[in-house]
Protein chains: 2
Amino acid sequence: MVSPRPTILDVARTAGVSSATVSRVINGAASVDKELSRRVRAAVRSTGYVPNAMGRSLRRGGTSQIAVVAPDAANPYFTQIISEVERIARGDHQSVTIAHTEDDLEIERECFAQLVGRHVSGVLLVPVHSTLTDLSPLTEAGIPVVLVDRWIEGANTDLVATDNLDAGRQAARHLHERGYRRPAVIGGPSQLRTTEDRVSGYLAAWREAGIELDETVVLRGDLQLESGAALMAQILAEGDADCVYVTNNRMSAGAFEAMRGRDDAPALLATDDDLWTRLVTPSVSVVHQPVRATSRAAARMLGQRIANPDEEPSTTLLRSKIIERESTQRGRRPRTDGSWTPRDAGHASS
Amino acid sequence: MVSPRPTILDVARTAGVSSATVSRVINGAASVDKELSRRVRAAVRSTGYVPNAMGRSLRRGGTSQIAVVAPDAANPYFTQIISEVERIARGDHQSVTIAHTEDDLEIERECFAQLVGRHVSGVLLVPVHSTLTDLSPLTEAGIPVVLVDRWIEGANTDLVATDNLDAGRQAARHLHERGYRRPAVIGGPSQLRTTEDRVSGYLAAWREAGIELDETVVLRGDLQLESGAALMAQILAEGDADCVYVTNNRMSAGAFEAMRGRDDAPALLATDDDLWTRLVTPSVSVVHQPVRATSRAAARMLGQRIANPDEEPSTTLLRSKIIERESTQRGRRPRTDGSWTPRDAGHASS
DNA sequence: CGTTGATCAGGAAACGTTTACCGGCACGAT
DNA sequence: ATCGTGCCGGTAAACGTTTCCTGATCAACG
């Protein structure tokens, strides 16, 4: 049905030269006679030849593929990393492959083996677990790894992440400065270092500000929207807190939803500058994670680590920043000016 | 620095057998003596052998990689397709590579050539352009292609998309049933078939309902948020329309933003069930595109097309559905119950 | 006991490319 | 005129795997 694809030999025959010359013309390495070069290029066009990447990689001893491995496609870093790393990869004639580990160590392990077998030139990794993820298959195979967002115990590879401890401190300071004094916080699973650091920083900053805290101010969810809603409902029911910091984006949305229509709601400080936070009423103040900058830094770092494998691994921490909106302002009544009403259709004339 | 990776020959030597036997054990095809098989497996473990995918693909004459090609990572289909196709790919021991065309025909062309060279086993494609995208490099190389979301003129490949004409009609009917009579619509660039079909369906349904329309009811934006905001501002300034249908998600958010704080705003019917539409006040009725179902159908279809390349291409159209919220309800006053106020911090005791 | 058939392991070729090596040719210098 | 040098093109090997084909061993059957 489909004619067999032309190989370099077909091109060579058509141009009346050897395969070596064709290769030289294609890769532009050595100098080739003008006339021959012209004939070769013509033959490439006329045969529709496209170099076989498998043969090439086999001979060259390495692919030019960069792998991006993340727990899931919903991870906010994922698409950002993808577009950043693609930009860099395209310039370097590399391609990008991806894999999702679905937060499963076994899948992650298997995935590493595949990447080793495929001789990828580098890996951007958001690991599943801080202690149980085992990088050694990759590192022993000499594959450069850059960790993104999550740290791995004892790994000496590059790391690019946000300074979550600092993010938590900034959150606490922001709320304290605005006069709030009875904080609560919705954290993630205690093994997850990112959210845990945010919680720690938050608590530390409140204590430094002279506020006594008992352990009941920390509630832990599973990062999903529903869990944020449930925990916020609990906070509302207890009625103790006057401000709540939510440490991830999905739970932030849930928390906001649980507060709708409540007059006695505490101030809300959410995480991630997602679209909804500026569209809702009242608009929601957020701790903005520098995802774009992080992704870009990670992609760059991998690029230079591939070019230069034997340098010392480095750690880059990027700072979050607070975007202040209405939800943490004192005494604001956004409901009187922040919403609109669909015009009554009855007024319409046809 | 890094020890060379073991090859199948190292394993063979260690186990005292030939490379052929090792290959047979690994691939589990032919039957091998129990004892030898045991020795081979032991040797694989002790050497840390991982098969070289390049050698394998070269010999087998094909990789097991599925490519996903989309204009940009922000495309709502992108992450959905990724996770669906990955699920299928993993079961089939395939991996997934991606490429973004950045809405650039030249990049898309180059990308196709790469995929041909890499002998990918199939491509899921959201094409850049309905008429200018040229699939022939892929099809001539015998690579199965499934188009997602966007149609290509004259291509006889599989297509999975949403029925946009129907989506537009549903939008019009929804608004008409609720008593609105002076419609407007914010469309995309007229070459973009998806939004254009929605606009056409919308206009057709209004006309069928006996409403006279002139051409001024259609405004065209560039799909970005800012453009939606600008066009909605224009509609508000003219004050003619009593309801507005916005044909893509980004412009929908912009349109909503432009309506905030306006008492005389028309009803809003947006596109895509994004998170913000249910969190804002008033919540926004939407035409929900079945992205998940579409992605899943596309991934399945590619799977079976790879398994079975010579069947007739098919077209699958999935229906949208309307999710009714507050923004298209008559006479609703959501501002009185849809928003909340951060508690005044002054009330707090330390 | 001999022959046939089945089963299974090994040798070697093949996939398509790059590149080390070699040889030939042209040109310049002595 | 002859030799040396340098440039450039071709030949062939090599990358690591799979698989065809062959040969050997063994069992069963005539």
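Biologist: Of the atoms of DNA strand D within 4 Å of the protein, what percentage belong to sugar or phosphate, and where do the rest belong?

Modeller: Let me say at the outset that we are reading a predicted model. Within 4 Å of the protein, 63% of the atoms of DNA strand D are part of sugar or phosphate, while the rest are part of bases. For DNA strand C, the share belonging to sugar or phosphate is 68%, and there too the rest belong to bases.

Biologist: Which helices supply at least two residues each of the surface near DNA strand D?

Modeller: In chain A they are α2 (19-27) and α4 (53-60), and in chain B they are α2 (19-27) and α4 (53-60). The most is given by α2(B), which contributes four residues to the surface near DNA strand D. For the surface near DNA strand C, α2 and α4 of chain A and α2 and α4 of chain B each supply at least two residues.

Biologist: How many residues of each surface are nonpolar, polar or charged?

Modeller: The surface near DNA strand D divides into nine nonpolar, eight polar and six charged residues, and the surface near DNA strand C into nine nonpolar, eight polar and five charged.

Biologist: Which atoms lie by the phosphate oxygens of DNA strand C?

Modeller: Among them are a backbone N or O atom of A:Ile8, at 2.5 Å, a polar side-chain atom of A:Asn27, at 3.1 Å, and a polar backbone atom of B:Ser18, at 3.0 Å.

Biologist: Turning to the aromatic rings, how many aromatic pairs does the structure hold, and how is a pair described?

Modeller: A pair of aromatic rings is described by the distance of the centres and the angle of the planes. Over all chains the structure holds six aromatic pairs. In one of them, A:Tyr202 and A:Trp206, the centres are 6.0 Å apart and the planes stand at 80°, so the pair is edge-to-face. These two residues are about one helical turn apart, because four residues separate them in helix α9 (residues 193-208) of chain A. A:Tyr202 counts as buried, at 1% relative accessibility, and A:Trp206 counts as buried at 1% too.

Biologist: Why is the pair of B:Tyr202 and B:Tyr245 called tilted?

Modeller: Their planes meet at 40°, with ring centres 5.0 Å apart, and therefore the pair is tilted. It links distant parts of the chain, since B:Tyr202 lies in helix α9 (residues 193-208) of chain B and B:Tyr245 in strand β8 (residues 243-246) of chain B, 43 residues apart.

Methods
Residues numbered from 1 in each chain as written. Chains lettered and ligands numbered in written order. Predicted model: local features only at pLDDT ≥ 70, side-chain atom pairs only at ≥ 80, totals over all residues. Heavy atoms only, no water. Phe/Tyr/Trp six-rings, centres within 6.5 Å; stacked < 30°, edge-to-face > 60°. Buried < 20%, exposed > 50% of the residue type's maximum accessible area, 1.4 Å probe, protein only. Near = heavy atom within 4 Å. Nonpolar A, V, L, I, M, F, W, Y, C, P; charged D, E, K, R; others polar. Polar contact = N/O pair within 3.5 Å; in protein donor to acceptor, adjacent residues only side chain to side chain.
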